[in-house]
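Open the model in your viewer and keep the selection tool ready. The tour goes from one selection to the next and says what is there.

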Amino acid sequence: MTDTEAKKFYDSKAWQTKRIEILKRDRFECQDCRARIQKAVAEEKWLPEKEKKIARAEQVHHIQELKEHPELALDNDNLISLCVRCHNIRHGRKKKLVSRERW
């Protein structure tokens with residue numbers, strides 16, 4: 001799938017409908033945050049206070065990438081609700097540090 005085809009897909013009514021369906025299925029909760037907390041509890045590990053909350057999911061992620069597996073584009077089992085932070089982590093995107101200076 002090309003970038004143009006992917007953009008067309010993400011702009012489609014079918015995707016917009018499926019996206020809302022998946023967010024509702026996952027109760028608008030980030031599934032990676034949920035899994036991280038559940039793992040920490042099971043392993044009796046301490047988490048910093050800011051890591052103890054399940055963030056609100058705003059994005060739906062294709063587990064098997066859309067461009068590589070377009071046949072799974074609308075497959076419920078291939079879709080997961082994530083917060084922006086966890087979605088960026090899944091894609092290896094990191095915010096750049098603007099300044100090294102710390103107060």
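Select helix α3, residues 31-42, in this predicted model. At 1.5 Å a residue, the 12 residues of α3 should span 16 Å. The C-alpha atoms at the ends of α3 are 16 Å apart, which agrees.

Next, colour the buried residues of α3: Q31, D32, C33, I37 and A40. What do they pack against? The buried residues of α3 pack against β2 and α4 (84-90). As background, an α-helix has 3.6 residues a turn, so residues three or four places apart point the same way.

Now show the sulfur atoms of C30, C33 and C86. How many disulfides does a search of the whole structure find? The search finds zero. A disulfide needs two cysteine sulfur atoms within 2.5 Å. The cysteine sulfur closest to that of C30 belongs to C86, and at 3.6 Å it is too far for a bond. For C33, the closest cysteine sulfur is in C30, at 3.7 Å, also too far for a bond. C30 is buried, at 0% relative accessibility, and C33 is buried too, with a relative accessible area of 2%.

Last, select D75, in the loop between β1 (59-62) and β2 (79-82). D75 is partly exposed, with a relative accessible area of 30%. Draw a line from the C-alpha of D75 to the C-alpha of E43: they are 32 Å apart in space, and the two residues are 32 residues apart in sequence.

Key
Residues numbered from 1 in each chain as written. Predicted model: local features only at pLDDT ≥ 70, side-chain atom pairs only at ≥ 80, totals over all residues. Heavy atoms only, no water. Buried < 20%, exposed > 50% of the residue type's maximum accessible area, 1.4 Å probe, protein only. Helix = DSSP H or I, 4+ residues; strand = E, 2+ residues; numbered from the N terminus. Expected span 1.5 Å × (residues − 1). Contact = heavy atoms within 4.5 Å.
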